[in-house]
Amino acid sequence: MKQNRKLFAAVLALCMAVLCSGCIKSDMSMNIRKDRSMDFSATYLVADTLANTSTGSQTTQNGIDENSQNWKTLESRGYKLEKYAKDGYSGFKATRHFDSIDDLSKETGVGVVMNNFLNEDFDDSALFCVRRELLKDTYTAHFVYDLKEDAQATGIDSADLTAFTSSMEITYSVTLPRKANYHNATNVSADGLTYSWKIPYGTFTAIDYAFTLTSRNVLYGCIGIAVLLLLIAAVTFLIIRAKKRKAAADNNEDLPAPKTPEEAAALQAMITGQPIPEQNPTVCPLCGGKVTVRTAGGAHAGESFAVCEHYPTCKFIKPAVAPQPAAPEKPVEAPKPVEPVEAPQPVEPEKPANVCPLCSGKLTVRVAQSGPNAGTKYAVCEHYPAACKFAKPIK
């Protein structure tokens, strides 16, 4: 505070000479975003006409150049400083980025004297008073510019003070993410988000405003609900898929169409109830799929089984038989003369095993779900019962 008084008192003599020409400018601004981050800047400028005089040079050295104590104090508090010049004024600009205004807020607070900003004991960790609720956080700012005492310390009478204050420009502005709940700003931007105050020198000025942001509890709650819904959807999908697979196995859905004559013969024998012809042991006798040997667990742990690749859609499974040693070769006997036989009569070619003998439709295997034959497998035409009546039990 005393340091500021010395600065204003040193400038005062020359300012009285230039009076309304304008001699010193000070501006503070805050830009607060929805994510609660904030950029803060403060500029202190002296007119070049004043700085070029001996009194002005002394004032600059004492207050607002890189060699001053003010400059060093702000740097020690984490502010970035740079020389700044604009419209015939020069001085310095201090800026700092804050990740969250929550770091600058307390649940209880008092007025912050902003004209003490250059002092070493200025506390910028309690700029706002915050009230936290379930869905929102309300931030309140109560700043003051106490320039009345500084003016009285210079000993200027009221008439000279009036002329002197016209040569000084002291302003404060803030840009909010939402419109303020209330404010006492002297000027508001067209979008209602930027508020500014003009501070008359030699007066006590209060700056009051409040604004609301969505509580972080709401954000975290929405994220948690979204994650929970995704988990529920994933579990539901897995349960439905498992039920569909089980139903497909229970209903013994359509088996793959035979690809070789051996597979067709096996399917034909299954449909007609005839003995299954001997064939390659690696081919499923029910559906013609590939048979592999697997080792069981549970009650049959360690036992080997021959299992169809389509199991459990196809029900073929049987204990694997250990290979028998090859029988000794018998001596080859001389061939006996072959008696002539009659030429075989031409036989009408049979239809493929998966083709309906009545209408040539596709045959599928179905399991009776009710009635006296519940659980019995049938070879059924795809057009049954509307256009074809072929349905034959499978033994």
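## Starting with R36

R36 is buried, with a relative accessible area of 4%. Here buried means under 20% relative accessible area, exposed means over 50%, and partly exposed is anything in between, using a 1.4 Å probe and protein chains only. Before going on, a word on the source: this is a predicted model, where local features need pLDDT of at least 70, side-chain atom pairs count only at pLDDT 80 or more, and totals for chains, interfaces and linings use all residues. Residues are numbered from 1 along each chain as its sequence is written, and side-chain values use heavy atoms, with hydrogens and water left out.

## A salt-bridge network

Side chains of opposite charge can pair when their charged atoms come close. A salt bridge here is a side-chain nitrogen of Lys or Arg within 4 Å of a carboxyl oxygen of Asp or Glu. Searching the whole structure turns up 8 of them. Which residues are linked in a network of salt bridges? They are R36, D102, R132 and D137.

Let's walk through the links. R36 pairs with D102, with the closest N and O atoms 3.5 Å apart.

D102 has another salt bridge, to R132, with the closest N and O atoms 3.3 Å apart. R132 is in strand β7 (residues 128–132) and D102 is in its loop between β4 and β5, so the two join parts 30 residues apart in sequence. R132 is partly exposed, with a relative accessible area of 42%.

## The chain as a whole

The protein chain has 8 helices and 19 strands. These are DSSP runs numbered from the N terminus: helices are H or I with at least four residues, strands are E with at least two. Of the chain's 395 residues, 36% count as buried. The accessible surface is about 23,900 Å², and 57% of that belongs to carbon and sulfur atoms; such areas come from the Shrake-Rupley method with a 1.4 Å probe, and for residues only the protein chains shown count as cover.

Contact means heavy atoms within 4.5 Å. Among contacts between residues at least 6 apart in sequence, 57% join residues at least 24 apart.

T73 lies in helix α4 (residues 69–76). Is T73 buried or exposed? T73 is buried, with a relative accessible area of 3%. Leaving aside its neighbours within four places in sequence, T73 is in contact with L118, N119 and E120.

Over in helix α7 (residues 216–251) you'll find I223, which is partly exposed at 46% relative accessible area. Together with Y220, V227 and L231, I223 forms a nonpolar surface patch with about 410 Å² of accessible area.

## A sheet of three strands

There is also an open sheet of 3 strands, in the order β14-β15-β16, with antiparallel pairing. β14 (291–295) and β16 (317–319) stand at the edges with a single partner strand each, so one side of each has no neighbour in the sheet.

Methods: Two strands pair if DSSP finds at least two bridges between them. Patches are made of residues with over 30% relative accessible area and no salt bridge: like charges are joined within 9 Å, nonpolar side chains (Val, Leu, Ile, Met, Phe, Trp, Tyr) within 5 Å.
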